[in-house]
Structure formats: C-alpha cells, structure tokens
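My notes are below, in the order I took them.

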Amino acid sequence: MMDGLFITFEGMEGAGKTTLARWLSDHLQAEGMRTWFTYEPWEPRLRSILLEHSNLQSTEELLLFVADRAIHTRYIRERLAEGTIVVCDRYADSTLIYQGYGRGIDIEWVRALNRFATGDLCPRRTYLLDVPVEIGLSRQRELNRIGAEEIAFHERVRQGFLQEAEREPQRFMVLDATRDLQELQSVIWADVHTHLR
Ligand code: TYD
C-alpha cells in the first residue's frame with residue numbers, strides 16, 4: 001500500500017522543469033510535508049555514461065535509461081511507502097518520448113520496457129512544461145549529448161510529449177512554459193493541493 005504522492009515534471013531542455021520541481025519539493029517541505037526531490041538519469045555512473053558517452057547506439061541508450069529507472073524506482077517505492085511526497089525531474093515519459101518519438105524506437109516496445117522496469121509504478125500527476133523548441137534551446141546554458149541533437153529531433157520530442165499528454169489527460173497537466181515563473185508556481189501549487197489528502 002502506497003501512501004505517498006508521486007509527482008513528475010517533464011518537458012524538453014530549457015523548459016524550466018528542474019527549477020519548478022525543486023521549488024515544489026522545497027515549498028511542500030516548508031509546509032511540514034516530507035518530500036524527496038529526485039531526477040533521472042539517477043545513478044551517477046549511468047548518468048555520466050548516458051549524458052557524456054559519445055558512442056552509444058539508440059538501443060544501448062534505451063536499455064541504460066531503463067536500467068537506471070529500474071534501480072531508481074526501487075528507492076522511489078521505499079519513499080512512497082514511508083508516506084513521502086516524491087517529486088521527480090523526468091521519469092518514464094522521458095524514455096518514451098526521447099528514445100521512442102525522438103530516436104524512432106518502436107513506441108510499444110518502449111512502453112513495455114518501462115512497465116517492466118517500473119513494475120507499473122506511475123506518477124499520480126505529471127506537469128508537462130511545453131515550450132517552443134527554439135526558446136527551450138536558447139534558454140539552456142549547457143547541452144548534454146542528447147540535448148545537442150538537431151532541431152528536428154527536439155520537434156519530435158515536443159510533439160511526442162503533447163501527444164502523450166492527450167492520451168492520458170487525467171495524469172498530465174500541460175503548462176505553457178513561456179509564462180512567468182510565479183504564475184506557473186501558483187497553478188501548480190493549487191493543483192497539488194487537490195492531490196493531497
Ligand atoms: P539533464 O541534465 O537531466 O537535464 P534536462 O532534463 O534539463 O535536460 O538531462 C537529461 C537528458 O537525458 C535530457 O537531454 C533528456 C535525456 N533523457 C532521455 O533521453 N531519456 C530518458 O529516459 C531520460 C530520463 C532523459
């Protein structure tokens with residue numbers, strides 16, 4: 001039985017996910033709630049292979065992201081079982097979108113691998129920060145190996161996220177990431193409270 005609340009932030013590079021996810025976690029903590037801010041790729045050695053290794057093929061990249069998620073999910077489940085609110089910067093949707101829609105690996109394959117790695121753990125709420133590709137890329141200071149992909153790749157990523165959000169409207173909340181930070185914070189803050197008991 002899981003008592004905690006699992007929240008994820010998704011979107012392309014430069015959308016502001018990390019800032020908002022950290023803010024949400026800190027703000028809930030300031031209200032007396034137990035929270036854990038976390039992110040993917042998570043395991044430090046896998047993270048450096050994934051973001052810095054220059055020679056990975058799509059299949060290898062996919063399997064490493066999924067392996068990383070399998071490990072991470074074990075820790076997320078432990079925290080949720082303790083009643084902690086887990087706020088995660090990227091999760092399974094990122095693999096579906098980047099490796100599926102972006103790299104062109106069969107979407108149903110990716111879905112199946114995600115289910116396998118997570119044992120079907122699914123966020124209660126996912127905030128999708130949507131931003132036009134050029135704006136997102138111009139906001140990002142440093143681009144990792146994947147962020148440095150061509151514009152067409154990022155367009156597939158953006159459209160993929162929007163398509164998945166339409167497929168699961170109950171879970172996703174799509175936010176226009178070009179809005180003021182304060183406005184985004186107040187929308188998220190109001191929404192989060194509808195998920196807290
Ligand atoms: P990161 O440094 O965490 O920053 P940001 O989320 O702000 O871009 O970069 C993670 C990179 O890894 C990002 O380019 C997206 C990519 N990624 C995938 O391709 N698949 C995945 O499953 C995950 C979790 C991330």
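This is a predicted model: local features need pLDDT of at least 70, side-chain atom pairs count only at pLDDT 80 or more; totals for chains, interfaces and linings use all residues.

I began with Trp189 and, skipping neighbours within four places in sequence, found it in contact with Trp23, Leu24, His27, Leu28 and Glu31.

I then checked where Trp189 sits, and it is in helix α8, residues 181-195. How far apart are the C-alpha atoms of Trp189 and Leu24? I got 7.6 Å, for two residues that are 165 residues apart along the chain.

Next, the ligand. I looked up which pocket holds it: the space it takes is the largest pocket. I counted 17 residues around the ligand, and the closest are Glu13, Arg47, Arg90, Thr95 and Gln99. Sorted by type, the shell comes out as five nonpolar, six polar and six charged residues.

Which helix gives the most to that shell? It is α4, with four residues. I noted three helices that each supply at least two shell residues: α2 (44-52), α3 (58-81) and α4 (92-102).

- Arg47: an N or O atom of its side chain is 2.9 Å from a ligand oxygen.
- Arg69: a polar atom of its side chain is 3.2 Å from an oxygen of the ligand.

Last, I looked at the backbone.

Arg90, which I already had among the closest residues to the ligand, has a phi near 75 degrees. That is a positive value, and Arg90 is not a glycine. I placed Arg90 in the loop between β3 (85-89) and α4, and α4 is the helix I had down as giving the most to the ligand shell.

Is the peptide bond between Glu40 and Pro41 cis or trans? I found it cis, with omega at about -5 degrees. Pro41 belongs to the loop between β2 (35-39) and α2, and α2 is one of the helices that supply at least two residues of the shell.

Key:
Residues are numbered from 1 along each chain as its sequence is written. Side-chain values use heavy atoms; hydrogens and water are left out. A residue is near a molecule or strand if one of its heavy atoms lies within 4 Å of it. A polar contact is a pair of N or O atoms within 3.5 Å; within protein, one must be able to donate a hydrogen and the other to accept it, and residues adjacent in sequence count only if both atoms are side-chain atoms. On a 1 Å grid over the protein atoms alone, a cavity is a set of points where a 1.4 Å probe fits but cannot get out, and a pocket is an open set with protein on both sides within 12 Å along at least five of seven lines; lining residues have an atom within 4 Å of a point. A molecule sits in a cavity or pocket if more than half of its atoms lie within 2 Å of its grid points. Ala, Val, Leu, Ile, Met, Phe, Trp, Tyr, Cys and Pro count as nonpolar, Asp, Glu, Lys and Arg as charged, and the others, Gly among them, as polar. Contact means heavy atoms within 4.5 Å.
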